[in-house]
Amino acid sequence: MKTLFTLSLLATGLLATSAFAGDAVKGKATFVGKGCWQCHGYEGQGGSAGPRLANTQLPEDAVISFVHNTNGIMPPFSEKLISDAELSDIYAYLQSRPKPADPKTIPLLNLK
Ligand code: HEC
């Protein structure tokens with residue numbers, strides 16, 4: 001009985017995650033654990049050293065390829081340091097970040 005319960009939980013988990021390539025919650029932990037935040041900010045909002053990554057327009061495979069190879073300005077993270085699956089999770093995390101506010105929705109910026 002216990003096994004059946006565990007199995008059905010596992011199956012639900014698989015179904016729940018299959019709609020997305022990456023897992024945003026795991027992605028956040030990896031983004032922090034691998035030190036991406038040190039240059040790009042905890043939310044991927046951009047930092048003193050690295051540009052904004054949150055809601056990037058780059059496709060997922062371009063982000064994965066960039067992190068492994070880079071352009072020489074960012075230090076490369078080889079497949080040994082971070083896997084493609086971990087980068088898919090990071091991508092899901094970055095895409096889950098809120099978009100910057102539209103200035104039209106900020107009352108102070110719309111005083112006449
Ligand atoms: C030592 C600082 C540093 C760390 C750590 C770092 N980056 Fe970067 N990253 C940069 C810089 C600087 C750039 C911009 C390179 C350029 O000027 O073209 C960049 C660019 C990028 C880009 C391309 C953005 C674009 O729009 O072109 C991605 C994607 C990226 N980083 C992801 C990551 C991820 C994921 C991690 C963690 C595994 C990470 N970075 C860790 C410094 C860093």
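Colleague: Which loop holds Asn-55?
Modeller: This is a predicted model, in which local features need pLDDT of at least 70, side-chain atom pairs count only at pLDDT 80 or more, and totals for chains, interfaces and linings use all residues. Residues are numbered from 1 along each chain as its sequence is written. With helices taken as DSSP runs (H or I, at least four residues; strands are E, at least two) and numbered from the N terminus, Asn-55 falls in the loop between α3 and α4.

Colleague: Is Asn-55 buried or partly exposed?
Modeller: Its backbone first: Asn-55 has a positive phi, near 55°, in a residue other than glycine. The classes rest on C-beta atoms placed from the backbone (buried with 20 or more others within 10 Å, exposed with 12 or fewer, partly exposed in between). Asn-55 has 14 C-beta neighbours inside 10 Å, so it is partly exposed.

Colleague: What is the phi of Thr-70?
Modeller: Thr-70 sits in the loop between α4 and α5. It is exposed, because 12 other C-beta atoms lie within 10 Å. Although Thr-70 is not a glycine, its phi is positive, at about 50°.

Colleague: How many helices does the protein have?
Modeller: Going along the sequence, the pattern reads α-α-α-α-α. There are zero strands, and the number of helices is five.

Colleague: What percentage of the residues of the protein count as buried?
Modeller: The protein has 112 residues. Thr-30 in helix α2 is a buried residue, because it has 21 C-beta neighbours inside 10 Å. For the protein, the buried share is 18%.

Colleague: How many nonpolar residues are in the contact of α4 with α5?
Modeller: The axes of α4 and α5 (residues 84-95) are 10 Å apart, at an angle of about 125° (axes are fitted to C-alpha atoms over the stretch in contact; angles run from 0 to 180 degrees between N-to-C directions). Glu-60, Val-63, Ile-64 and Val-67 of α4 meet Asp-84, Leu-87, Ser-88 and Tyr-91 of α5. Nonpolar means Ala, Val, Leu, Ile, Met, Phe, Trp, Tyr, Cys and Pro, charged means Asp, Glu, Lys and Arg, and polar covers the others, Gly among them. The contact has two charged residues and one polar, and its nonpolar residues number five.

Colleague: Last one: which residues come nearest to the ligand?
Modeller: The shell holds 22 residues (C-beta atom, placed from the backbone, within 6 Å). By class, 15 are nonpolar, six polar and one charged. The residues that come nearest are Cys-36, Cys-39, Gly-50, Ile-73 and Met-74.

Colleague: Which elements give two or more residues to that shell around the ligand?
Modeller: Cys-39 is one of the residues that come nearest to the ligand. The elements that contribute two or more residues are α3 (37-40) and α4 (60-69).

Conventions: Two residues are in contact if their C-beta atoms, placed from the backbone, lie within 7 Å.
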